[in-house]
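Please look over the structure below before reading the numbered points.

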Amino acid sequence: AQQLESLVLSPRIMSKKLGSHPVVILFVMLIAGSLFRFWGIFLAVPTFAVLKVTIAHLYSLFLLYLHP
């Protein structure tokens, strides 16, 4: 039951909140977990969210600079 929750339910709920596909969330958690073990899994989604917002903001600034 816990595996089902961690492999299916958690990425689905987090993906709805972040606006990303559940497979992307699962992939981020797998990569971070394989690199940094527990802390990677623990910090994967918040780090992904911060990076996603930062990149989106920088991209919008770039587009404004490119086409004023």
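1. Helices (H or I, at least four residues) and strands (E, at least two) are DSSP runs, numbered from the N terminus. Trp39 and Phe42 both belong to helix 2 (residues 22-66), where they sit 3 residues apart, about one turn of the helix. Ile25 and Ile31 are in helix 2 as well.

2. On the source: this is a predicted model, in which local features need pLDDT of at least 70 and side-chain atom pairs count only at pLDDT 80 or more, while totals for chains, interfaces and linings use all residues. Residues are numbered from 1 along each chain as its sequence is written, and side-chain values use heavy atoms, with hydrogens and water left out.

3. There are 3 aromatic pairs in the structure. Rings of Phe, Tyr and Trp (its six-membered ring) pair if their centres lie within 6.5 Å; planes under 30 degrees apart count as stacked, over 60 as edge-to-face and the rest as tilted. Phe38 and Trp39 are edge-to-face because their ring planes stand at 75 degrees, with centres 5.2 Å apart. Trp39 and Phe42 have ring centres 5.6 Å apart and planes at 85 degrees, so this pair is also edge-to-face. Phe38, Trp39 and Phe42 form one aromatic cluster.

4. Phe38 and Trp39 are exposed, and so is Phe42.

5. The largest nonpolar core has 6 residues: Ile25, Met29, Ala32, Ala44, Val45 and Phe48. Such a core is a set of buried Ala, Val, Leu, Ile, Met, Phe, Trp, Tyr and Cys residues joined through side-chain atoms within 4.5 Å.

6. Ile25 counts as buried because its relative accessibility is 0%. Leaving aside residues up to four places away in sequence, Ile25 is in contact (heavy atoms within 4.5 Å) with Pro11, Met14, Ser15, Leu18, Ser20, Val45 and Phe48. With the same exclusion, Ala32 touches Arg37, Gly40, Ile41 and Ala44.

7. A nonpolar patch on the surface is formed by Phe27, Ile31, Leu35 and Phe36, which together have about 460 Å² of accessible area. Areas come from the Shrake-Rupley method with a 1.4 Å probe; for residues, only the protein chains shown count as cover. Ile31 has 39% relative accessibility and so counts as partly exposed.

Terms used. Buried < 20%, exposed > 50% of the residue type's maximum accessible area, 1.4 Å probe, protein only. Patch = residues over 30% accessible without salt bridge, like charges linked within 9 Å, V, L, I, M, F, W, Y side chains within 5 Å. Salt bridge = Lys/Arg side-chain N within 4 Å of Asp/Glu carboxyl O.
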